[in-house]
Amino acid sequence: MTMTNKPKIGLALSGGVGYCLAHIGVIKALELRGLEADVVAGTSGGALIGCLYASGLKSDRLEEIAREISWTKLMSPTMVFREKGLLSSEPIEKLVDQLIGTKRRFNEMKLPLSVTAVDLISGKAINFPNHPDDLIAPAVRASCSVPIVYAPLKMGNWLLSDGGILDPLPMESLKAFKPDVTIAVSFMPGQFEPDSLFEIGVRSMEIANIKESQISRKEADILIELQTGQVSSWDLKSALTLIELGQQAAEKALEASKEKLAAQKPFWFDMINKKWGSGS
């Protein structure tokens, strides 16, 4: 590790469908304290927000996008028995191209980015990019393809589905970038009865990944946990509420982590504290 006057900050963004709009609030909180990530890893909805952030978009633009987003822009019907899902995730790919530029590649991002999907054939996590010139939009589309709800994406020998199946919080992918300080954003959904096929699919994945998420959370230097309460993960109309929740959770976590960072990584804590102290 080379000691400079700026630590390399890594940001891991978990999946969570609509909850992932809260990631925007986290980014906003970092910006207000003069902090920004240097490397980003995202799964599922975290991959979508992560790719927009890695392309250079700031929180104000991300908030504008959140205000305008709707499920009609993120899905289209399929022939269920032929396509292996109720809906096509192709609109996600088109939206990414629209927002960051058509056919942008990983090596063209402002920040290094990792996107996680799962191959339903081998049962293994697939981390993009496999090659520096891999396209961003198809990788994000695959990572966001919630099982049953969205048809998986055929890509070469892979049949790709939601990265959250195996890697709900992509800390291992983030650590491959060798950041000096890691920030992870994770969701703690409340107890509620899912009332649609969509919510059942997502809720099942959340429950199945509780143990894996707990392991990944422990690996972060700064853990930002969002209590989403009774807000449905499919309720995009709650965008502004989720962004506010994300910002509040980030502010709280940044303050709470100071003692831990000061003890475990004093050099980097001193560098970061000079900036975030002004946001206290």
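Start by selecting Ile224, which touches Val26, Ile183, Ala184, Val185, Ser186, Ala249, Ala250 and Ala253, leaving aside residues up to four places away in sequence (contact means heavy atoms within 4.5 Å). The model is a predicted one, where local features need pLDDT of at least 70 and side-chain atom pairs count only at pLDDT 80 or more, while totals for chains, interfaces and linings use all residues. Residues are numbered from 1 along each chain as its sequence is written, and side-chain values use heavy atoms, with hydrogens and water left out.

Next, show helices H2 (residues 45–54) and H6 (residues 136–143), which pack at about 155° with axes 7 Å apart. Helices here are DSSP runs (H or I) of at least four residues, and strands (E) of at least two, numbered from the N terminus. Axes are lines fitted to C-alpha atoms over the stretch in contact, and angles run from 0 to 180 degrees between N-to-C directions. H2 and H6 are therefore roughly antiparallel (angles over 145 degrees). Ala47, Leu48 and Cys51 of H2 meet Ile136, Val140 and Ser143 of H6.

Finish at strand E8 (residues 158–162), where 4 of 5 residues are buried. Strand E7 (residues 153–155) pairs with E8 in the antiparallel sense over 3 bridges (pairing takes at least two DSSP bridges). Zoom in on Met155, whose bridge partner in E8 is Trp158.

Methods. Buried < 20%, exposed > 50% of the residue type's maximum accessible area, 1.4 Å probe, protein only. Parallel < 35°, antiparallel > 145°, perpendicular 65-115°, else oblique.
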